[in-house]
Amino acid sequence: MRSTTVAFVSALLSLHLLACVAEDDPDFVEPPLTAEELALLPDDSVVDVEHTDDVLVAGPAEDDAAAFDDDEAWPSYDVAVVDDDGDAPAAVTPIANAALLRWGLHPRASDALRAAGVAAWRITQTIGNAPASAGYHAQDGSVNGHPYSAATDLSVSGLSSTQIHNLLEKLGKLGFAAWYRKNGVDGWTGANHIHAVYANCKMKTQLRAQVRSWLVGRNGLVSNRAYTWHAFSAAAKHAVQNKFAQSHGGTSNGGAGYPGRINTSGAPLTIRAGASTSTAALGSVADGAYVTITCQKRGQSISGTYGTSTLWDHIAGGYVADAYVSTGSDGQIAPTCD
Ligand SMILES: [Zn+2]
């Protein structure tokens, strides 16, 4: 049960999201997986030692179930990270990261799990600890001096079916390709848990194939059959697609910022040198393009697809009016530009 106040705020938030987010997108097309990608998915015909009961031990349960009474997720800004493998731009300096919710998480995944309301005890696995690990939870890399796996397992202990649905939606909206693995359902045999892959970081090829499988509504297992237990919203699919685009399909860690999408209802949007149409036009970005917003500032008031706003978004190449950018919020979601 939600309190009256929470329900009221939630209702306002729902209206707000309806007003600002393009929920349905007929252009959302993801190609089917190639034979090579299919071959990388986990084999559901053998015992998966990474996801057995003795691996997915949940800690002492605090009752965080009420955090999943709704499926609303606040936008999460992705911090810059230093890729210890040395192939990130040398100029990248991390902004202050919050302490990791759990060892083995990517800092952005950690922030996103916090934004979803996930308690640390619920995270049962990050970097794999199964001795005969199939490798999906093997270390993907190291950032800011800490090893991470893009794959995270969550306990569903204490959650109702509705709360698990809401948690999956929150995870999707925050950039996780996530499945509820329920014994006997959608090709899964084994311990009940959520397996979630964070899309905006460098990851192993098997996990890239899993994200691609999720994006086309499949189960991320070798059967690659339709995932039916939960139907993700268009907003969740967009979020994961956006985050995956930021990491160049899971091949880089360079995706700091906040994902947005241009919506002009047709015309290209002009990129400006500053937060005003009186500044120089430096180029344009196509309607429907995914962009990464690194910072925002106030400037000329512009009326666009999403109402009237003085907010301008800094993207690659310059500034665009926020009134034409779907960000999930009318407010400022990225740091203020210098
Ligand atoms: Zn897992």
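Q: What makes Ala150, Phe176 and Leu207 count as contacts of Val197?
A: Two residues are in contact if their C-beta atoms, placed from the backbone, lie within 7 Å. Leaving aside neighbours within four places in sequence, Val197 has such contacts with Ala150, Ala151, Phe176, Ala177, Leu207, Gln210 and Val211. Keep in mind that this is a predicted model: local features need pLDDT of at least 70, side-chain atom pairs count only at pLDDT 80 or more, and totals for chains, interfaces and linings use all residues. Residues are numbered from 1 along each chain as its sequence is written.

Q: Why is Val240 called buried?
A: A residue is buried if 20 or more other C-beta atoms lie within 10 Å of its own, exposed if 12 or fewer, and partly exposed in between. Val240 has 26 C-beta neighbours inside 10 Å, so Val240 counts as buried. Val240 lies in helix H6; helices here are DSSP runs of H or I with at least four residues, strands are runs of E with at least two, and both are numbered from the N terminus.

Q: Which residues is Val240 in contact with, leaving aside its neighbours within four places in sequence?
A: They are Gly172, Gly175, Ala177, Ala199, Trp214 and Leu215. Phe176 is 64 residues away from Val240 in sequence, yet their C-alpha atoms are 6.1 Å apart.

Q: What makes a set of residues a nonpolar core?
A: The members are buried Ala, Val, Leu, Ile, Met, Phe, Trp, Tyr and Cys residues, joined through C-beta atoms within 7 Å. The largest one here has 50 residues, and Phe176, Val197 and Tyr198 touch the most other members. Helix H3 (107–116), S4, H4, S5, S6, helix H5 (205–215) and helix H6 (234–246) each give two or more residues to this core. Another core, of 19 residues, lies apart from it, with Ile262 and Ile315 among them.

Q: Why is H5 said to be largely enclosed by the rest of the structure?
A: Nine of its eleven residues are buried, so that's the conclusion for H5. Among them are Leu207, Gln210 and Trp214. The buried residues of H5 pack against helix H2 (35–39), S4, S5, S6 and H6.

Q: How do you know that S4 and S6 pair?
A: Two strands pair if DSSP finds at least two bridges between them. Four bridges join S4 (residues 151–154) to S6 (residues 193–198), and these strands run antiparallel. Thr152 stands opposite Ala196 in S6.

Q: What is the strand order of the open sheet, and why do S1 and S5 stand at the edges?
A: The order is S1-S4-S6-S5, with antiparallel pairing. Strand S1 (123–125) and strand S5 (176–181) each have a single partner strand, so one side of each is left without a neighbour in the sheet.
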